[in-house]
Amino acid sequence: MEPSVSNSVMLPLEGADGLGEKLVEIPTRGFSQLWKTVRYGRRFLLKGLKPDYRQKAEFQALLRKEFELAMRLDHPGVVRVWGLEENAVAGLCIVMEYIEGDTLKSLMDQGVADEAVCRGIALRLVDAVAYIHESGVSHRDLKPDNVMVARRDRRPVLIDFGLGDSDDYVILKPSSATRSYGAPEQLDGSQGDERSDIYSLGRILTELSLPAEWSGVIGRCLAAEPSERPTAAEILAVMRESRQRRRKWIPYAAGTAIAVAGLLTSFLIRREAGISDVAGGAAVRDTVVEVRTVHDTVHDTVYVAASEDASVRAAVPPVSVQTSPAAAGGAGSSSGGVDALYEAMWAEARPIVVSCKKEYEAVTDVMEGMALIEARDKKLRALLDRFMSSPEVASLPQSARDKYEYAFWFKVAQVVSGQ
C-alpha cells in the first residue's frame, strides 16, 4: 500500500539532497522504499529502492521507467510525480505529492462507502483507466491497494506504476500481477497489457456497490478471452449513458410524484379541516389514523369521527388504497359500477403514460421533456375529470371521490417508475 499524489503545479525541488531534511519512512514490502517529508510547507512522498537493490542496474532502470511513465500522464485520477532526484538518504527516488486518504481496499474492508460514493469512485476510476490507455500506458497491477481515495473529495487516484508498461519499451517487462486481481493470461506468465487491466478493473468493480444496469458491461470485463473484453472507454460510455438516463428521469418522475403528493396533502387537509360530504348531505370531521408508504404505494385508513347518526358513520367505511379504490362507494351506491368506470378510464390512461415515457427517453432538451409531461398530464386530467363528473361517481361522498383520484395518480406514478 502506497500513499498517492495529486495534481499541483510543479515547483523546483530546491534543497532536495536530503541534507537537513527529515525523512519519515513508511513501511513497505518488495524492493521499493517510501518516505514522507516536508518541503515548502507541504508534504511530499519519496519513492526509492531499499538498500539491497539501490546499486542494481535493473532495479534502477525499473524505477526510472516508472518515473517516465507517470511523468507523461496528467489526469486528476492518476498519480502525479514532481521529479526524479538523487537523495543523500533515499538514493535515487521519485518525488510525489503526498495525499491524505485511504486505499480503496481499506474503505472496502471498513464498509464505509455507500452506493452513491461507490458510483462516483467507479466512474472516476474507469475514467482514469481509460485515460492511461488512451495515452498508451497499461498499469498491469490494478487492485484496490493501488487506488488511493482522497479524504477531502473522495477522488480515486491510480498509484504505483512499478509494473506499468507501454509500447515504447521492448525490455523491462516483468510478468507479474496480484493473484486476486490479475488476468488469467498474466497468471499464466504473459506480460499483460490494457486488456489485462480491464480484467483487473472488472474484479474491482464487482466488489463495489454499483447499479444493477452496470452489471452487464462489468461482467464482460471478466471474459477469459482478452479480445472479448470491452475497452475502458466503452465501459465509461455505458456508465455515463446509464447515469444520464437516471438524471433525465428525475424531472419526469418528480413531476408525477409532486402531483400525487399534492393530491394527498390536499386530501389530508380536507380531512383535518372536517370537510367531508357524506350521504344525506351531513358533514362530519374525519381523522386520518394511519398513512404509511410501502413500495411507493400509499395505504391510509380514514374513519368518520363519532356521530349520533350510525348511517352517517357507515357512509364512509375504512378504506385501504393499494391498487384499486374498491369498496369506496357511499351508502346506496354500487361500487362495482364505479370500479368498472374506473378501470375503463385507466385502460385509456395507461397507454398515454406509456407513450409519453417512451417519447421522453428519446428527447435531450429539458424544456421539450417538460412539455411532454405537461401534455400528458393535461390528457390524464381530462380523463379523470370525465370520470369524476359521471353520475355514479358524483353521488359518492367526497372522501370516496378523493380515494379514486389519488389512487389514479399513484397508478400513473407506478407506470412511470416501471412497477
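## A walk through a predicted chain

The chain has twelve helices and twelve strands. Keep in mind as you look around that this is a predicted model. Of its 419 residues, 47% count as buried. Among contacts with a separation of 6 or more, 64% join residues 24 or more positions apart.

In soluble globular proteins, nonpolar side chains tend to be buried together. Here, the largest nonpolar core has 57 residues, and Leu-158 and Leu-205 touch the most other members. Which helix gives the most to this core? That is helix H3, residues 115–134, with eleven residues.

Let us stay with Leu-205 for a moment. Beyond its neighbours within four places in sequence, Leu-205 is in contact with Ala-122, Val-126, Leu-210, Ile-218 and Met-239. There is also a second, separate core of 21 residues, which includes Met-345, Tyr-404, Val-412 and Val-416.

### A cavity to find

The count comes to two cavities of 30 Å³ or more.

The largest share, three residues, comes from H1.

| Residue | Relative accessibility | Class |
|---|---|---|
| Thr-37 | 3% | buried |
| Leu-396 | 5% | buried |
| His-75 | 13% | buried |
| Asp-160 | 17% | buried |
| Tyr-40 | 41% | partly exposed |

Start with Thr-37, which is found in strand S2, residues 32–39. Thr-37 counts as buried because its relative accessibility of 3% is under 20%. A polar atom of its side chain lies 3.0 Å from the backbone oxygen of Lys-22. Setting aside neighbours within four places in sequence, the residues in contact with Thr-37 are Glu-21, Lys-22, Leu-23, Arg-42, Arg-43, Phe-44 and Leu-46.

Now move along to the loop between S2 and strand S3 (42–49), where Tyr-40 lies. Is Tyr-40 buried or partly exposed? At 41% relative accessibility, Tyr-40 counts as partly exposed. Its phi is positive, about 55°, although Tyr-40 is not a glycine.

Asp-160 is another residue other than glycine with a positive phi, near 55°. You will find Asp-160 in the loop between strand S9 (156–158) and strand S10 (165–166). With 17% relative accessibility, Asp-160 counts as buried.

His-75 belongs to a loop too, the one between H1 and strand S4 (81–87). What does the side chain of His-75 make a polar contact with? The partner is the side chain of Asp-127, at 3.0 Å. His-75 itself is buried, at 13% relative accessibility.

Finally, look for Leu-396 in the loop between helix H11 (391–394) and helix H12 (398–416). Although Leu-396 and Val-338 are 58 residues apart in sequence, their C-alpha atoms are 9.4 Å apart in space. Leu-396 is buried as well, with a relative accessible area of 5%.

Technical notes:
Residues numbered from 1 in each chain as written. Predicted model: local features only at pLDDT ≥ 70, side-chain atom pairs only at ≥ 80, totals over all residues. Heavy atoms only, no water. Helix = DSSP H or I, 4+ residues; strand = E, 2+ residues; numbered from the N terminus. Buried < 20%, exposed > 50% of the residue type's maximum accessible area, 1.4 Å probe, protein only. Polar contact = N/O pair within 3.5 Å; in protein donor to acceptor, adjacent residues only side chain to side chain. Contact = heavy atoms within 4.5 Å. Core = buried A, V, L, I, M, F, W, Y, C linked by side-chain atoms within 4.5 Å. 1 Å grid on protein atoms, 1.4 Å probe; cavity = no way out; pocket = protein on both sides within 12 Å on 5 of 7 lines; lining within 4 Å. Points joined across faces, edges and corners; volume = space filled by probe spheres on them.
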